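This briefing is meant for a reader meeting the structure for the first time. Please look over the sequence and the model before going on to the points below.

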Amino acid sequence: MTSAQSGKLSLFLSSSSGSPFYMSYTSGTTGVTNWQIAPNLTDALVADSSWHHYAFRIWQEGTTLYSKVYRDGNYDSMSSRAIGASLGPLDTFMAGTIATELPSTTGTLSASLDDFRFWKGLRSAREISRFYDQKIYAS
């Protein structure tokens, strides 16, 4: 697969001003990089020594990319960004890593991660708020 055919989604934290949450989402040369999302969240809210659940709904309509963020099952904010062209469907092989690039064997996560869920379909606000703290069993 060439880089023009590949897609990449990254959610990451940065200690710059404003929200610590950033996203990069590209397909070939189309998309966004280092996009600051979740404008209502701050470093102080994220690093408050309490357990929190964050859910990110990411989708595209036409040439606009959207991100909705939920904290502990409650809606926090929505961001949108015009990307100029359609990213196309991500309907082939999907792989993922946490705190590293896909071909790498080492990462840089310095945190405690209790749970990670990736859904191929767009979850509704009701599903997020109702099931954010429930166990999910494999099918």
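Where in the protein chain is confidence lowest, and where is it highest? The model is a predicted one, and its confidence is lowest in strand 1 (residues 7-13), with a mean of 82, and highest in strand 6, at 94. Across the protein chain the average pLDDT is 80, and 76% of the residues score at least 70. Where pLDDT is low, the predicted coordinates should not be read in detail.

**Overall layout**

- The protein chain contains two helices and six strands, and when read along the sequence these elements follow the pattern β-β-β-α-β-β-β-α.
- Of the 139 residues in the protein chain, 25% count as buried, while the accessible surface comes to about 9500 Å², with 51% of that surface belonging to carbon and sulfur atoms.

**Strands and their pairing**

- Strands of a sheet pair through backbone hydrogen bonds, in either a parallel or an antiparallel manner.
- Strand 4 and strand 5 run antiparallel and are joined by eight bridges; Gln60 has Leu65, in strand 5, as its bridge partner.
- Strand 2 and strand 3 also run antiparallel, with five bridges joining them, and the bridge partner of Tyr22 is Gln36 in strand 3.
- The hairpin of strand 2 and strand 3 has two residues between the strands, and in this hairpin Gly28 takes a positive phi near 65 degrees.

**The nonpolar core**

- The largest nonpolar core has twelve residues, among them Phe21, Met23, Trp35, Leu65 and Leu87.
- The elements that give two or more residues to this core are strand 2 (21-27), strand 3 and strand 5 (64-71), and the largest share, three residues, comes from strand 2.

- Trp35 lies in strand 3 (residues 30-36), and Trp35 is classed as buried because its relative accessible area of 3% falls under the 20% cut-off.
- Leaving aside neighbours within four places in sequence, Trp35 is in contact with residues that include Phe21, Tyr22 and Met23, as well as Leu65, Tyr66 and Ser67, and also Ser79, Ser80 and Arg81.
- Ser24 stands eleven residues from Trp35 along the chain, and the C-alpha atoms of the two residues are separated by 6.2 Å.

**Ser67, a contact of Trp35**

- Ser67 has its place in strand 5, and Ser67 also counts as buried because its relative accessible area of 1% is under the 20% cut-off.
- When residues up to four places away in sequence are not counted, Ser67 touches Met23, Trp35 and Ile37, together with Arg57 and Ile58, and also Ser77, Met78 and Ser79.

Key:
Residues are numbered from 1 along each chain as its sequence is written. This is a predicted model: local features need pLDDT of at least 70, side-chain atom pairs count only at pLDDT 80 or more; totals for chains, interfaces and linings use all residues. Side-chain values use heavy atoms; hydrogens and water are left out. Helices (H or I, at least four residues) and strands (E, at least two) are DSSP runs, numbered from the N terminus. Buried means under 20% relative accessible area, exposed over 50%, partly exposed in between (1.4 Å probe, protein chains only). Contact means heavy atoms within 4.5 Å. A nonpolar core is a set of buried Ala, Val, Leu, Ile, Met, Phe, Trp, Tyr and Cys residues joined through side-chain atoms within 4.5 Å. Accessible areas come from the Shrake-Rupley method with a 1.4 Å probe; for residues, only the protein chains shown count as cover. Two strands pair if DSSP finds at least two bridges between them. pLDDT is the predictor's confidence in each residue, from 0 to 100.
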